[in-house]
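Here's a quick tour of a protein model, from the overall fold down to a few individual residues. Have the viewer open and follow along.

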Amino acid sequence: MKNFLGHHIIYTYDNGWEYEIYIKNQTTIDYRIHSGMVDGRWVKDQKVDIVKLTDGIYKVSWTEPTGTDVCLDFILSENKTHGSAFFPKWVHEHPEITVCFQNDFIPVMEESRLKYDTYPKFELYEFSTITYNKYVGENDESIISVAPYKGMTDEIRDGKFYK
């Protein structure tokens with residue numbers, strides 16, 4: 001896992017959605033969403049399951065407080081990912097509820113799961129291209145510490161945002 005834990009990665013799905021993830025440690029990620037259905041959402045300390053499938057290929061899986069289930073495979077040797085996400089119906093119909101710093105709004109996510117329909121789930125299966133991958137060390141709270149904004153990922157790739 002030493003070639004994966006502590007990495008800060010930006011990737012763009014084939015549908016154009018851009019995401020950023022920090023593999024904080026063996027059980028935790030932080031992430032920001034820069035475009036797509038829930039553009040502007042960001043999360044710290046999401047509990048995940050991370051496994052190494054084979055050399056250079058890792059799987060990260062989790063369930064969000066929204067009820068969204070995510071499974072993301074990283075194929076580092078090819079700078080690719082493959083993601084599967086299962087959004088509850090309410091997230092697909094009311095994505096604006098989730099566009100926030102999730103950690104401050106977990107009760108809202110839990111209320112929405114009860115208030116709105118969960119099924120049928122909106123399924124998304126997409127490949128993406130990794131456009132940035134840098135080892136920054138584990139458990140660095142500064143990597144994902146502010147809300148996403150327009151141009152942020154370009155700044156990160158240009159080395160203007162982080163160490």
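## Overall fold

The protein has three helices and nine strands, where helices (H or I, at least four residues) and strands (E, at least two) are DSSP runs numbered from the N terminus. Going along the sequence, the order is β-β-β-β-β-β-β-β-α-α-β-α. With a radius of gyration of 15 Å, close to the 15 Å that the globule rule gives for 163 residues, the protein is as compact as a globular protein of that length. That radius is taken over C-alpha atoms, and the rule is 2.2 Å times the number of residues to the power 0.38. The C-alpha trace spans about 40 × 30 × 30 Å along its principal axes.

A word on provenance: this is a predicted model, with local features needing pLDDT of at least 70, side-chain atom pairs counting only at pLDDT 80 or more, and totals for chains, interfaces and linings using all residues. Residues are numbered from 1 along each chain as its sequence is written, and side-chain values use heavy atoms, with hydrogens and water left out.

## Surface and contacts

Of the 163 residues, 49% are buried (under 20% relative accessible area; exposed is over 50%, partly exposed is in between, with a 1.4 Å probe and protein chains only). The accessible surface comes to about 7,800 Å², and 52% of that belongs to carbon and sulfur atoms; areas come from the Shrake-Rupley method with a 1.4 Å probe, and for residues only the protein chains shown count as cover. Take the contacts (heavy atoms within 4.5 Å) between residues at least 6 apart in sequence: 55% of them join residues at least 24 apart.

## The cavity

There's one cavity of 30 Å³ or more. A cavity here is a set of points, on a 1 Å grid over the protein atoms alone, where a 1.4 Å probe fits but cannot get out; lining residues have an atom within 4 Å of a point. The space in the largest cavity is about 210 Å³, a volume being the space filled by probe spheres set on the points, which are joined across faces, edges and corners.

By class, the lining has 14 nonpolar, five polar and three charged residues (Ala, Val, Leu, Ile, Met, Phe, Trp, Tyr, Cys and Pro are nonpolar; Asp, Glu, Lys and Arg are charged; the others, Gly among them, are polar).

## Residues to click on

Tyr135 sits in strand β9 and is exposed, at 51% relative accessibility. Leaving out neighbours within four places in sequence, Tyr135 touches Leu5, Gly6 and His7.

For backbone checks, the peptide bond from Tyr119 to Pro120 is cis, with omega near 0°; Pro120 belongs to the loop between α2 (106–115) and β9. Asp45, in strand β4 (residues 42–47), has a positive phi near 60° and is partly exposed at 39%. Asn79, in the loop between β7 and β8, has a positive phi near 50° and is partly exposed at 37%.

Key
On a 1 Å grid over the protein atoms alone, a cavity is a set of points where a 1.4 Å probe fits but cannot get out, and a pocket is an open set with protein on both sides within 12 Å along at least five of seven lines; lining residues have an atom within 4 Å of a point.
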